[in-house]
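Trainee: I would like to learn how to read a sheet, a helix contact and a salt bridge from a model. Please show me each in turn.

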Amino acid sequence: MKLLRSRPRLRWCLLLLGVGSLLLLVLLQHLTDSMQQQNPGVPVLEAPTWPERKVPSWQTKDISAGLFPGFPPVLHLCSDPLLGNKQPVTKRHRKLLLKGAASGGSTALRTQRTRHSQLNGVCSKYQPVRRKQRVRLQQVSRLYVEDRFRLLYCEVPKAGCSNWKRVLMVLAGIARSTQDIPHDAAHYSNQLRRLDSYDRAGIAERLRTYTKVLFVREPFERLVSAFRDKFESPNSYYHPVFGRAIISRYRANATGSALKTGAGVTFREFVQYLLDTQRPVGMDIHWERVSQLCSPCLIHYDFIGKIESLQEDADFLLRGIGAPGNLTFPDFKDRNPRAKRTSSRITQDYFSQLNRTERQKVFEFYYRDYLMFSYPKPFPDLH
C-alpha cells in the first residue's frame with residue numbers, strides 16, 4: 001500500500017524535475033544568445049593606451065559624415081586574446097610556419113619565435129592588454145590588403161615599403177613583374193586597398209584570418225634615411241611644407257631664400273623639430289615610430305621581418321604564403337639611385353653631428369621601437 005501511494009508522488013517529482021531542467025536549458029540558451037550578440041566570434045581585447053597622434057579634423061569629419069555608412073569611428077576588433085605574456089599561434093600563423101619548416105626554414109622559424117617572444121614581452125611589460133579592446137580606424141589605416149594570397153602588410157616607410165608594394169601588386173595580378181613598376185606607380189597608382197576602406201565585418205574578418213606582416217628597421221638608421229631622402233634631394237612637398245617651417249622655427253638669421261624655398265634643412269634642425277612637443281608642422285609617417293604606425297601590441301602580426309635580413313625574411317615569407325616561384329623580393333633603389341644606401345656607418349656620421357644630450361633624446365623618442373624589435377643601443381653612452 002505504501003509503495004502504491006508513493007508512486008504518484010514519484011511521478012510528480014520526476015515531472016517537476018523535467019520541467020525545471022527544460023526551464024534551465026531555455027535560460028542558458030538565452031544567456032548564450034545574449035553573449036554572442038554582445039560579442040560575436042572570438043573574444044575582443046581592450047585597446048592599449050599608447051600616446052596617440054592627433055587625428056586631423058578632416059579624417060574625423062569624413063568618418064562621422066558617413067564615409068562608411070553605419071561604421072563608427074571606433075570598432076570592436078575580433079582577435080585572439082593575449083594569454084599572460086604569450087600571444088596564441090593562430091591557424092594562419094601555424095600554417096605559415098609549417099610551410100616554412102617544410103621548405104627547410106628552421107633557422108627562420110627560430111628567428112620568428114625569438115622576435116615574437118621579444119615583442120610580446122615588451123608589450124606585456126609596458127602595455128598590458130585588458131580583456132576588451134577597441135581599435136580605431138586610424139590604427140589599421142597603414143595596413144595594405146592583398147586578397148588573393150590573404151595578406152595584410154603594414155607600411156613602414158624607409159623599411160622597404162616601395163618594393164613591398166610592388167610585390168603586393170604582382171600578387172594581386174595588377175602587374176606582371178616588380179621590375180615594370182616605377183616608384184610613383186608603386187605609391188600613387190598601385191590600386192591596392194587599405195584595410196580601413198572595408199566595412200567593420202570586412203576589417204574584423206581579415207584581421208582574424210589573413211597573414212599579417214610587419215617589416216622594421218633600426219630606428220636611427222630609418223630616421224637618417226628619411227632625412228636624406230626628403231631634405232637632401234629636391235622635393236616639391238617636403239621642402240615647402242616641412243623645410244620652410246623648420247628653418248623658420250629653428251634657424252637664427254635665416255636667409256630670405258631659405259625661408260622661401262625650405263631647402264637646406266640641417267640634420268640638427270630636423271632633430272630639433274622631431275623632439276619639439278609644439279612642432280610647427282605635424283608628424284610624418286616617414287619618421288613616425290613603428291609602435292604608432294602599426295600598433296604591434298594591438299594587432300598580432302604573424303610575421304616580423306627586418307631590413308637587416310630583408311632578402312632572407314622576404315623569401316621565407318613569400319614561399320610560406322605560396323607565392324609564385326618566380327616572384328622574388330626586388331633589390332633595386334629607384335629614388336636617388338646615385339646616392340649610397342643609408343648604412344650604419346652613414347647613420348653614425350649623421351648622429352655624430354649631435355651632442356650627447358640630443359642623441360639621448362632621440363633614443364628616448366624611439367625607445368619602445370628599440371625594445372620591441374630587439375635593436376641594440378646605437379651609441380654606448382645611451383641609457
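Mentor: We take the sheet, then the helices, then the salt bridges.

Mentor: This is a predicted model, so local features need pLDDT of at least 70 and side-chain atom pairs count only at pLDDT 80 or more, while totals for chains, interfaces and linings use all residues. Residues are numbered from 1 along each chain as its sequence is written, and side-chain values use heavy atoms, with hydrogens and water left out.

Trainee: What is the order of the strands in the open sheet?

Mentor: Helices (H or I, at least four residues) and strands (E, at least two) are DSSP runs, numbered from the N terminus. Two strands pair if DSSP finds at least two bridges between them. Here 5 strands form an open sheet in the order 5-3-4-6-7, and the pairing is mixed. Strand 5 (193–194) and strand 7 (303–306) are at the edges with a single partner strand each, so one side of each has no neighbour in the sheet.

Trainee: Which strands does strand 4 pair with, and do they run parallel or antiparallel?

Mentor: Strand 3 (residues 143–146) is joined to strand 4 by 4 bridges and the two run antiparallel; L143 has C154 as its bridge partner. Strand 6 (residues 211–216) is also joined to strand 4 by 4 bridges, but this pair runs parallel. On that side, L151 is partnered by T211 and Y153 by V213. The hairpin of strand 3 and strand 4 has 4 residues between the strands, and R150 takes a positive phi near 55° there.

Trainee: Are the side chains of strand 4 buried or exposed?

Mentor: Buried means under 20% relative accessible area, exposed over 50%, and partly exposed in between (1.4 Å probe, protein chains only). In strand 4 (residues 151–154), L151 and Y153 point one way, L152 and C154 point the other way, and all are buried.

Trainee: At what angle do helix 8 and helix 14 cross?

Mentor: Axes are lines fitted to C-alpha atoms, for helices over the stretch in contact, and angles run from 0 to 180 degrees between N-to-C directions. Angles under 35 degrees count as roughly parallel, over 145 as roughly antiparallel, 65 to 115 as roughly perpendicular and the rest as oblique. The axes of helix 8 (residues 219–231) and helix 14 (residues 344–351) cross at roughly 80° and come within 9 Å. The two helices are therefore roughly perpendicular.

Trainee: Which residues of helix 8 and helix 14 meet?

Mentor: Contact means heavy atoms within 4.5 Å. From helix 8, F220, E221, L223, V224, F227 and R228 meet S344, I346, T347, Y350 and F351 of helix 14.

Trainee: How many salt bridges are there?

Mentor: Side chains of opposite charge can pair when their charged atoms come close. The rule asks for a side-chain nitrogen of Lys or Arg within 4 Å of a carboxyl oxygen of Asp or Glu, and the count comes to 16 salt bridges. One of them is R115 with D313, whose closest N and O atoms are 2.9 Å apart. This pair links helix 4 (residues 106–126) to helix 13 (residues 310–320), 198 residues apart, and both R115 and D313 are buried.

Trainee: In the salt bridge of D147 with R206, how far apart are the closest N and O atoms?

Mentor: They are 3.1 Å apart. D147 is in the loop between strand 3 and strand 4, and R206 is in helix 7 (residues 200–209). D147 is partly exposed at 34% relative accessible area, whereas R206 is buried at 15%.
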